[in-house]
Amino acid sequence: MELEKKLLHKAGEAIERFRMIRKGDRVAVALSGGKDSLTLLELLLKLHRRAPVPFTVCAFTIEQGKFLRPIEPLAEYLKGRGVEWTYFHDKPSVRLIQEQPAHGCDLCSRYRRRAVYEVARGFGANVIAFGHTADDFCEALLRNALFTGRISALPPVAWSRDREFRLIRPLVYIFESQTAEYVRHLGAPLVPCGCSQKTGTVRRELRDMLAQLEAHHPRVKETLLAAMGNLELGRLLDPRHVEA
Ligand code: SF4
């Protein structure tokens, strides 16, 4: 399949460029129930069979009380694919919804991070793979530049505190339109999160803005992504990088 070949090439390029996966790694894929992380899992399963260095792949899903559909079809699908998968019911996150229904993303993601590390530790994993896409990198760049006054997006590779886990984002060069098409082709079941239906957020506004630009300039997101890998620091306003 042409699309799959393309996606494998893009993920392989990211993994190699940023040394995301190394010999003997045990990679735990964070499955959110959405199309991006399912694409990531499938690509890693395929890459693992042909990679020049040996590594293993497992997966997990954190239940935070926000899924809109039952998890069973996903469990069946993963079983059929022979994936080692854990479904972790995070009680503190579920309590958070009951006690503070209007909590923000900061609190929710802090709870999720703690659960993610706990599950990865249980798996004996040293690498955690997240399904952030090229769209997420573009949105993060705009959000940081427009709302926090910083030129930064997301790290393709980072470390958890004490360097216990390497955190990787192999879909950095892959767009959501491609993960949507790929998951349709796989026939994988999606388990949407209630938050994905939210409107009126900054994220939604940035998405709409990019979509409007794309209507007239179809390659605008590719260009923004390329710009993140092509910095001209001397043409920005950080005196640390300007020759006096
Ligand atoms: S969008 Fe929803 S699930 Fe995601 S971090 Fe925010 S509150 Fe949590």
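Tutor: Start with one term. Two strands count as paired if DSSP finds at least two bridges between them. Keep in mind that this model is predicted.

Student: How many bridges join strand S1 to strand S2?

Tutor: Five bridges join S1, residues 26–30, to S2, residues 56–63. The two strands run parallel. Look at two pairs. Arg 26 has Thr 56 of S2 as its bridge partner. Ala 28 stands opposite Cys 58 in S2.

Student: What is the order of the strands in the open sheet?

Tutor: Six strands make up the sheet, in the order S3-S2-S1-S4-S6-S5. The pairing is mixed.

Student: Which strands stand at the edges?

Tutor: Strands S3 (85–89) and S5 (157–159) do. Each has a single partner strand, so one side of each is left without a neighbour in the sheet. On average, neighbouring strands of this sheet are turned by 25° against each other, direction ignored.

Student: Which helix lies across S1, S2, S3 and S4?

Tutor: Helix H5, residues 105–123. It runs at about 145° to S2. Strand S4 spans 127–129.

Student: What should I look for in a core?

Tutor: The general idea comes first. In soluble globular proteins, nonpolar side chains tend to be buried together. Now this model. The largest nonpolar core has 42 residues. Val 27, Ala 28, Val 29 and Ala 129 touch the most other members.

Student: What is Ala 129 in contact with, leaving aside neighbours within four places in sequence?

Tutor: Val 27, Val 29, Ala 30, Leu 40, Leu 44, Ile 168 and Pro 170.

Student: Take a residue of S2. Is Ile 62 buried or exposed?

Tutor: The cut-off for buried is 20 or more other C-beta atoms within 10 Å. Ile 62, found in strand S2, counts as buried because it has 23 such neighbours. Not counting residues up to four places away in sequence, Ile 62 touches Phe 88, Asp 90, Arg 112, Ala 115 and Val 116. Leu 44 is 18 residues from Ile 62 along the chain, and their C-alpha atoms are separated by 20 Å.

Student: How do I read a pair of packed helices?

Tutor: Two packed helices are described by the angle between their axes and the distance between the axes.

Student: Is the crossing of H4 and H5 left-handed or right-handed?

Tutor: Right-handed. Pro 92, Ser 93 and Leu 96 of H4 make the contact with Leu 107, Tyr 111, Arg 112 and Ala 115 of H5.

Student: At what angle do H6 and H8 cross?

Tutor: At roughly 110°, and their axes come within 10 Å. H8 covers residues 202–216. H6 and H8 are therefore roughly perpendicular to each other. This crossing of H6 and H8 is right-handed. In H6, look at Cys 138, Glu 139, Leu 142, Arg 143 and Phe 147. They meet Val 202, Arg 203, Leu 206, Arg 207 and Leu 210 in H8.

Student: What about the loops? How do I read a phi value there?

Tutor: Most residues other than glycine have a negative phi. Asp 162 has a positive one, near 65°. Arg 163 is also not a glycine, and its phi is about 55°.

Student: Where does Asp 162 lie?

Tutor: In the loop between S5 and S6, where S6 is 166–168. Arg 163 lies in the loop between S5 and S6 too.

Student: Where is Gly 82 found?

Tutor: In the loop between H3 and S3. Gly 82 is exposed, with 8 other C-beta atoms within 10 Å. Tyr 111 is 29 residues from Gly 82 along the chain, and their C-alpha atoms are separated by 29 Å.

Methods:
Residues are numbered from 1 along each chain as its sequence is written. This is a predicted model: local features need pLDDT of at least 70, side-chain atom pairs count only at pLDDT 80 or more; totals for chains, interfaces and linings use all residues. Helices (H or I, at least four residues) and strands (E, at least two) are DSSP runs, numbered from the N terminus. Axes are lines fitted to C-alpha atoms, for helices over the stretch in contact, and angles run from 0 to 180 degrees between N-to-C directions. Two residues are in contact if their C-beta atoms, placed from the backbone, lie within 7 Å. A nonpolar core is a set of buried Ala, Val, Leu, Ile, Met, Phe, Trp, Tyr and Cys residues joined through C-beta atoms within 7 Å. A residue is buried if 20 or more other C-beta atoms lie within 10 Å of its own, exposed if 12 or fewer, and partly exposed in between; C-beta atoms are placed from the backbone. A crossing is left-handed if the near helix is turned anticlockwise from the far one by less than a right angle, and right-handed if clockwise. Angles under 35 degrees count as roughly parallel, over 145 as roughly antiparallel, 65 to 115 as roughly perpendicular and the rest as oblique.
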